[in-house]
Amino acid sequence: MASASLFPLGSFSGTLSSNYQITRGRSRRMRLGIDIKASQIVGCEGELSLVNRRVVIGLSLSASSLLLHSPNVESAGLPPQEIPKLCDESCEKELENVPMVTTESGLQYKDIKVGSGPTPPIGYQVAANYVAMVPSGQVFDSSLEKRQVYIFRVGSGQVVKGLDEGILSMKVGGKRRLYVPGSLAFPKGLTSAPGRPRVAPNSPVVFDVSLEYIPGLDYDDEQE
């Protein structure tokens, strides 16, 4: 119920004071010299009752809104969708024992799996899957979510320098984690997106990448 301090006129119950009693159809002169009819007071009471009902309904709706946005209600919803990765928990543990390779450019990598196919020549198109992360492990881009391999011409500057360099020494069928320094990553950075972190300009990033195949290049072509 609304507080009487918010609606002082709602305290009318047929008596304004001990000296002035209100009866329907008659009027009494108050100390301020204002004539107030009982019918007007009754009308005020009706309007106030309507206001009170509206206030109660508004408070109820506000309470419902708060409940809908409370942590308990959100936690009772569906769990957040897991982002597919190229390296699961067991893979992460195995990577701890894999030696790190550092190139002259500052790129570092660990082979999750060494491929057995050909190595892509510079300028060839390659089909790869990738999961791009900030160093904390938050994913900001992934071909697995798009359910489509990423095809680009390797060594031609179509991707960031670290990814270009890292794939050039891979073999088809291989998986690799690339630790890309800021100088070989995104010079202008990347803006944040819903559920995705921001990538600051020239900040380090991590790529898990798998080289799926090289269009137009077979094992026989590599052997020739």
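Analyst: Helices (H or I, at least four residues) and strands (E, at least two) are DSSP runs, numbered from the N terminus. The protein chain has six helices and nine strands. This is a predicted model: local features need pLDDT of at least 70, side-chain atom pairs count only at pLDDT 80 or more, and totals for chains, interfaces and linings use all residues. Residues are numbered from 1 along each chain as its sequence is written, and side-chain values use heavy atoms, with hydrogens and water left out.

User: Why is tyrosine 130 called buried?

Analyst: Buried means under 20% relative accessible area, exposed over 50%, and partly exposed in between (1.4 Å probe, protein chains only). Tyrosine 130 has 8% relative accessibility, so tyrosine 130 counts as buried. In the protein chain, 29% of the 224 residues count as buried.

User: What makes the pair of tyrosine 130 and tyrosine 150 edge-to-face?

Analyst: Rings of Phe, Tyr and Trp (its six-membered ring) pair if their centres lie within 6.5 Å; planes under 30 degrees apart count as stacked, over 60 as edge-to-face and the rest as tilted. The structure holds four aromatic pairs. In this one, the centres are 5.7 Å apart and the planes stand at 75°, so the pair is edge-to-face. Tyrosine 130 is in strand β5 and tyrosine 150 in strand β7, 20 residues apart. Tyrosine 150 has a relative accessible area of 31%, so tyrosine 150 is partly exposed.

User: Which aromatic cluster includes Tyr130 and Tyr150?

Analyst: Tyr130, Tyr150, Phe152 and Phe207 form one cluster.

User: How do you know that phenylalanine 140 and phenylalanine 186 are edge-to-face too?

Analyst: Their ring centres are 5.9 Å apart and their planes are at 80°, so the pair is edge-to-face. Phenylalanine 140 lies in strand β6 and phenylalanine 186 in the loop between β8 and β9, so the pair ties together parts 46 residues apart in sequence. Both residues are buried.

User: What makes glutamate 92 and arginine 177 a salt bridge?

Analyst: A salt bridge is a side-chain nitrogen of Lys or Arg within 4 Å of a carboxyl oxygen of Asp or Glu. Here the N to O distance is 2.8 Å, so the pair meets the definition. Glutamate 92 lies in helix α3 and arginine 177 in strand β8, so the pair ties together parts 85 residues apart in sequence. Arginine 177, at 8% relative accessibility, counts as buried, while glutamate 92, at 32%, is partly exposed. Salt bridges that share partners join Glu92, Arg177 and Asp208 into one network.

User: Why is lysine 146 called exposed?

Analyst: Lysine 146 has a relative accessible area of 51%, which is over 50%, so lysine 146 is exposed. Lysine 146 forms a salt bridge with aspartate 141, the closest N and O atoms being 3.2 Å apart.

User: What makes a set of residues a nonpolar core?

Analyst: A nonpolar core is a set of buried Ala, Val, Leu, Ile, Met, Phe, Trp, Tyr and Cys residues joined through side-chain atoms within 4.5 Å. The largest one has 28 residues. Among those that touch the most other members are Leu163, Phe186 and Phe207. β5, α5, β8 and β9 each supply at least two residues of this core. A second, separate core of five residues includes Leu86, Val131, Met133 and Val206.
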